[in-house]
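Subject: The structure I promised you

Hi,

Here is the structure we talked about, handed over for you to look through. My notes follow below it, and I would be glad to hear your thoughts.

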Amino acid sequence: MEPENDTQISEFFLLGFSENPELQPLIFGLFLSMYLITVFGNLLIILAISTDPNLHTPMYFFLANLSFVDICFTSTTIPKMLWNIQTQSKVITYTGCVTQIYFLILFAVLDVFLLSVMAYDRFVAICHPLHYTVIMNPKLCGLLVLMSWVMCILNSLLQSLMMLRLSFCSHLDIPHFFCELNEMVQLACSDTFLNNLVMYFAAVLLGGGPFAGILYSYSKIVSSIHRISSAQGKYKAFSTCASHLSVVCLFYCTMLGVYLSSAATKSSHASAVASVMYTVVTPMLNPFIYSLRNRDIKRGLRRIIGVPVM
């Protein structure tokens, strides 16, 4: 099959989860509900942090950024999927697909970077409590977030530009509910060696690097907590990072589960279903994890909704 010229490719087809028309209203209602919960929950976290002076600390500054990124992350894929279901269309333009890939990679990797920055914040707070305010000053916090954005933007730009060099054949069906980079590379007719090399190198460097930093931070945190003599002191120290640790486990376990399941089954449909966990479910659960396990966030949320603070 001869590859077509890039300029002739104008659209792709997102196959989604099911072609059964009876299931479309159920899928639409389910994802609309999850999307609204995600946006509303993360907006509440941002409002609580921005309006409560007691939450103007490095930890909550990073949390507000994470909530903003989670809103953007889900907004990259879900509205387009809901629109396609509502209009009974599976079409996404070539430009729209490349744009979706750009923002999806940007916010997914930014999630990873922010989680590693938050791990470093907890490391400093528990292992160097007397120097915490000096080390985690506003300038450093802003710089850490800025550097995360710059690195993620450059990576997304590189991956998107690499996509533009590919030629595609007549088979333009994407067995997913969004334009996933790996699926797009597999659809290409031209040589994809360089694309795969850049994709996997970036995954190891930008995914594995921050994860190694998280593991190192928590190894030091566990060591410091172990040296605390009182049980109450140990509990208090651990409780300050329990929410973050829960989010890290949820994010990385679901991400790992997606790729292990897709590799084991060799099924694109199974991969699409599994990817719902880290693209939709994880951002939806993050506000609940932080609000249910954090008294400061609970107090800030009560102020917003008008419930008297205990």
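To begin with a question: does Cys152 count as buried or exposed? With a relative accessibility of 0%, Cys152 counts as buried, because the cut-off for that class is under 20%. Please keep in mind throughout that this is a predicted model.

While we are on cysteines, there is one disulfide in the structure. It joins Cys97 to Cys179, with 1.9 Å between the sulfur atoms. The link of Cys97 and Cys179 is left-handed, at -120 degrees about the S-S bond. Cys97 sits in helix α4 (residues 94-127) and Cys179 in the loop between β3 (173-174) and α7 (181-187), so the pair ties together parts that lie 82 residues apart in sequence. Cys97 and Cys179 are both buried. Cys152, by contrast, is in no disulfide, and the nearest cysteine sulfur, that of Cys72, is 13 Å away. Cys241 is in no disulfide either; for this residue the nearest cysteine sulfur belongs to Cys127, 9.4 Å away. Cys241 has 1% relative accessibility and therefore counts as buried.

Next, the strands. On one hand, β1 pairs with β2 (residues 91-93) in the antiparallel sense, over three bridges. In that pairing, Phe12 stands opposite Ile92 of β2. On the other, β1 and β3 run parallel and are joined by two bridges. Here Phe13 has Asp173 of β3 as its bridge partner.

Phe12 comes up again in the largest nonpolar core, which has 95 residues. The residues with the most contacts inside this core are Phe12, Phe31, Leu63, Phe168 and Met184. Helix α4 gives the most to the core, with 24 residues.

Helix α2 (residues 58-75) has 18 residues, which at 1.5 Å a residue should span 26 Å; its end C-alpha atoms are 26 Å apart, so the two values agree. Of those 18 residues, 15 are buried, so α2 is largely enclosed by the rest of the structure.

Helix α3 (residues 78-87) has a clear division of its residues into sides. Its buried residues are Ile78, Met81, Leu82, Asn84 and Ile85. Viewed down the axis of α3, these fall within an arc of 160 degrees, so they line one face of the helix. Exposed Trp83 and Gln86 are carried on the face of α3 turned away from that buried side. Just after α3, Gln88 takes a positive phi of about 55 degrees.

Leaving out residues up to four places away in sequence, Ser217 touches Ala119, Tyr120 and Phe123.

Do tell me what you think once you have had a look.

Best wishes

Methods. Residues numbered from 1 in each chain as written. Predicted model: local features only at pLDDT ≥ 70, side-chain atom pairs only at ≥ 80, totals over all residues. Heavy atoms only, no water. Helix = DSSP H or I, 4+ residues; strand = E, 2+ residues; numbered from the N terminus. Expected span 1.5 Å × (residues − 1). Buried < 20%, exposed > 50% of the residue type's maximum accessible area, 1.4 Å probe, protein only. Arc of directions from axis to C-beta. Disulfide = S-S within 2.5 Å. Contact = heavy atoms within 4.5 Å. Core = buried A, V, L, I, M, F, W, Y, C linked by side-chain atoms within 4.5 Å. Pairing = 2+ DSSP bridges.
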